[in-house]
Amino acid sequence: MMPVALERIEKLGHRVYTAGDYNLNLFGIRASERQAGAFDDALGCAYRVGGQWRVHYWQATTDPGWLYLDGASERFGVDGTAILCPGQYLGAYTIGPHGRTRYDALIQSDDVAVFRDANRDHVLDTAPETIAHGHFGINIHAAAVYPYDEKANDTLASIGPWSAGCQVHARTAGFREMMTLCRRQLEAHPTWVRFSYTLLDQWW
């Protein structure tokens with residue numbers, strides 16, 4: 001039986017990958033709460049092995065944190081802080097270096113769509129007239145400088161400095177699990193170097 005998140009993706013008219021082992025469907029689910037600052041969203045991955053579905057969910061944020069919303073004008077100019085728009089981004093991610101320590105994460109490699117929030121409050125604003133398309137460095141990464149260090153903080157309560165619009169795991173263990181699955185896709189299908197990501201609004 002197809003996982004519920006994939007049923008939702010399919011219902012919205014987006015692509016669901018079903019052929020072959022470790023053909024990853026990476027997705028995010030944005031909570032209906034519009035107050036920024038908490039890891040109150042989810043990242044997930046669903047795929048088949050031997051014809052059977054497997055699915056993982058990880059605590060995360062799909063929104064920017066207060067630090068960047070507060071400083072939107074100085075850090076990002078008059079357009080404001082980026083908030084990734086719900087939708088499917090086919091082949092928009094590859095494994096590559098993220099952050100000042102250049103650790104492997106999923107980095108944006110094709111255009112995505114973002115809302116721009118420039119009013120410097122802690123409420124996430126998603127006005128359609130602010131949507132921009134392009135390469136904004138909306139990566140999928142960990143809330144840690146050294147996420148592959150087993151001593152890294154395992155769970156964080158608030159976003160802090162970890163998201164300026166990126167999709168960010170709250171737990172380093174969850175991030176490492178996601179990256180292991182991405183590498184398994186590459187092992188099973190060496191030419192499948194791009195990963196698709198679908199961001200959903202909470203629908204229940």
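Okay, so a word on terms before we start: buried means under 20% relative accessible area, exposed means over 50%, and partly exposed is in between, with a 1.4 Å probe and protein chains only. At 38% relative accessibility, R120 counts as partly exposed. R120 is placed in the loop between β7 (112–117) and β8 (132–134), and its phi is near 60°, a positive value in a residue other than glycine.

Bear in mind that this is a predicted model: local features need pLDDT of at least 70, side-chain atom pairs count only at pLDDT 80 or more, and totals for chains, interfaces and linings use all residues. Residues are numbered from 1 along each chain as its sequence is written, and side-chain values use heavy atoms, leaving out hydrogens and water.

Next, Y22. Its phi is positive too, near 55°. Y22 sits in the loop between α1 (4–11) and β1 (25–30), and it's buried, at a relative accessible area of 15%.

Now the whole chain. We've got four helices and eleven strands, which are DSSP runs numbered from the N terminus (helices: H or I, at least four residues; strands: E, at least two). Buried residues make up 50% of the 204 in the chain. The C-alpha atoms fill a box of roughly 50 × 40 × 30 Å along the principal axes.

Last one, helix α4, residues 172–188. Its 17 residues reach 24 Å from first C-alpha to last, close to the 24 Å expected at 1.5 Å a residue; that expected span is 1.5 Å times one less than the number of residues. Among the buried residues of α4 are F175, M178, M179 and L181.
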